[in-house]
Amino acid sequence: MILQVGDTLGTRYRIIKELEEGGFGKVFVAEDILKFDSKCVVKQFIQPYDEESEKGKKARALFHKEAMILCELENYPQVPNLLAFFEPEDCLVQELINGESLLNELEQQTFNENQVLNLLTQLLPVLREIHNRGIFHRDIKPGNIMRSGENDKLFLIDFGLAKQVLEFDELLEKDTNFKVPKSTNFGTSGYEAPESFSSPASDLYSLGATCFHLLTGDSPLYADERSWTNVEIEVKRETAVILKKLFEKELSARYQNAEEVLQDVKAIKDIQRREKIDFLLYLLNSTNDRYRKQAIDDLAEFGSYAGVAVPQLISFLQEDDFDLHSRASYTLGKIGEESVIPLAELLKHEKLEIRRRVATILKQIGVQAKAAIPQLIQALKDNDPDGEVQWYALIAIGEIGAPAQEAIPVLVEKLKDPKPGIRAWALYALGRMGDLAQEAESTIVEILHQEAFSDVFIAGIEALDSIGADTDEMVVTDKETNITIPVREWVLLTREKVRKAQEASREQARLEGRMIIEWRPALSPHTPPLKDPLQFRKSITVESQEI
């Protein structure tokens, strides 16, 4: 039965739209009625030849092979998932990729160098994976590459011509340059490698032809020296070298596997990144304030790669211009570990405001701030009257966790601090040390009697649990219900009440058109849970359950 719009395949997939019809069959959009009418693709094979002829047998084998290969690549990113295969109806059902093919994009405009490098960066790992499984696509072209409209990810589709070579798996592990005879003469003229066998290099040739077409708008059938001269005008020399080596007719001169190409593309991207960072460093010295601030913001996007800018950013951090030092703070935090040692030195700065800024950034860097542990410990004794330096230093030490175990004695001292926020975060940091902080157990138990039903009490119970103390039999009497319950359950119930109250407050503000701004949320006794609820609940004793 040849499917039509309105038919249902296998009592599950309702055909709603015909996409295309070709020599080998039809392609439809369908709804999965057992999955909330989610959309999928149905491909039905229609025999174009005599069923018993050599061509007819090959055509059917190709269709069955596509289903087998999609099954083999199940859940691999950037290849559509096979959802079902109906042999009697000659139909396969696969994931629908919402978006457009690169051929459709090319009809609007040709690609630039960055777009082609992005294409290579996304598709080469896909080819590396399928080649390692002994699979060759054999029909890579702009029409068989889809861009998802949801996340801009590229998908390789239509494995109808693909060849899988299970019998060569062992050989493939040893040598990626092995050759496999072609089993058909199907393919797309201009994209198909000139050699008479399939290999990783033949797919790479098709990828090179695709890049040439996208860059120039010209069919790869008509690539000549003049067209390559035009390509070399449009792209950097290093990129042109990669493209020509991909699209090399002589097999021995071509790339032999996807990993080789990936390494060369990565080198190009490194060059581009360095050029952009060098330009932004130049702008940091501009007399135009707007350019300087924009350059600081742009450097944040490069993360650790922008480490070369740290000295200048450190100098901006010490400026009185609020906008300038705020931007520098954010970017130093994004750079991360490269910023830590210069920042740690500033924790000794004579200006209180600068010490506060530095402690805030180190708290943002978190676990990567290990090199600043000695200075963070010293900062726990800072004379800041509002306690901000100590507060953020505590959070940073807590995020670092066990590597900062030398801070434990000072953290125990902080449990006597008059500020409840300092006490709560000291407990959080001790909990992050795990059983290394067991020496603090008796002190924590002692202060819990003075902190009953507070945020500090919650942090203390969670800290005791994390360092390995037995809290299973600890109970509390709830003030609202006057019911005695296990302390673990009380902590979980209290955290859940706070969470729901916050959600309700935000929802009410949204309904009233108000905006909630959480000013310095870290400067409070509200610490995050040290464990997820299920892990924290773990074992409640029989005695506790009966209370």
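Tutor: Let us begin with Asp37, whose relative accessible area is 33%. Please bear in mind that this is a predicted model.

Student: Why is Asp37 called partly exposed?

Tutor: Buried requires a value under 20%, and exposed a value over 50%. Asp37 has 33%, so the term partly exposed applies. Asp37 is in the loop between strand S3 (25-32) and strand S4 (38-45).

Student: What is noted about phi of Asp37?

Tutor: Phi is near 60°, which is a positive value in a residue other than glycine. Gln78 is a further case: its phi is near 75°, again positive in a residue that is not glycine.

Student: Where is Gln78 found, and is Gln78 buried or exposed?

Tutor: Gln78 is in the loop between H1 and S5. Its relative accessibility is 13%. The limit for buried is under 20%, and therefore Gln78 counts as buried.

Student: What makes Pro77 partly exposed?

Tutor: Pro77 has 45% relative accessibility. Pro77 lies in the loop between helix H1 (54-72) and strand S5 (82-86).

Student: Why is Glu87 not called exposed?

Tutor: Exposed requires over 50%. Glu87 has 49% relative accessibility, and therefore counts as partly exposed. Glu87 lies in the loop between S5 and strand S6 (91-95). Its C-alpha atom is 8.5 Å from that of His64, a residue 23 positions away along the chain.

Student: What makes Asp298 partly exposed?

Tutor: The value for Asp298 is 24% relative accessibility. Buried would need under 20%, so Asp298 counts as partly exposed. Asp298 belongs to helix H9 (residues 289-300). The C-alpha atoms of Asp298 and Lys276 are separated by 9.6 Å, and the two residues are 22 apart along the chain.

Student: Why is Gln375 called buried?

Tutor: Gln375 has a relative accessible area of 18%. As the limit is under 20%, Gln375 therefore counts as buried. Gln375 is part of helix H14 (residues 373-379). Beyond residues up to four places away in sequence, Gln375 touches Ala344, Glu345, Leu347 and Lys348.

Student: How do you know that the side chains of Arg355 and Asn383 form a polar contact?

Tutor: A polar contact is a pair of N or O atoms within 3.5 Å, one able to donate a hydrogen and the other to accept it. The distance between the two side chains is 3.2 Å, so the pair meets the distance limit. Arg355 is in helix H13 (residues 352-365). Its relative accessible area is 8%, so Arg355 is buried. Leaving aside neighbours within four places in sequence, the residues in contact with Arg355 include Leu346, Glu350, Asp382, Asn383 and Val389.

Student: Turning to the chain as a whole, how many helices and strands does it have?

Tutor: The chain has 22 helices and 15 strands.

Student: Why is the chain called more spread out than a compact globule?

Tutor: For 547 residues the globule rule gives 24 Å. The radius of gyration is 32 Å, well over that figure, so the chain is more spread out than a compact globule. Its C-alpha trace spans about 90 × 70 × 55 Å along the principal axes.

Student: What share of the residues is buried, and what share of the contacts joins residues 24 or more positions apart?

Tutor: Of the 547 residues, 49% count as buried. Among contacts with a separation of 6 or more, 61% come from residues 24 or more positions apart.

How values were computed:
Residues numbered from 1 in each chain as written. Predicted model: local features only at pLDDT ≥ 70, side-chain atom pairs only at ≥ 80, totals over all residues. Heavy atoms only, no water. Helix = DSSP H or I, 4+ residues; strand = E, 2+ residues; numbered from the N terminus. Rg over C-alpha atoms; globule rule 2.2 N^0.38 Å. Buried < 20%, exposed > 50% of the residue type's maximum accessible area, 1.4 Å probe, protein only. Contact = heavy atoms within 4.5 Å.
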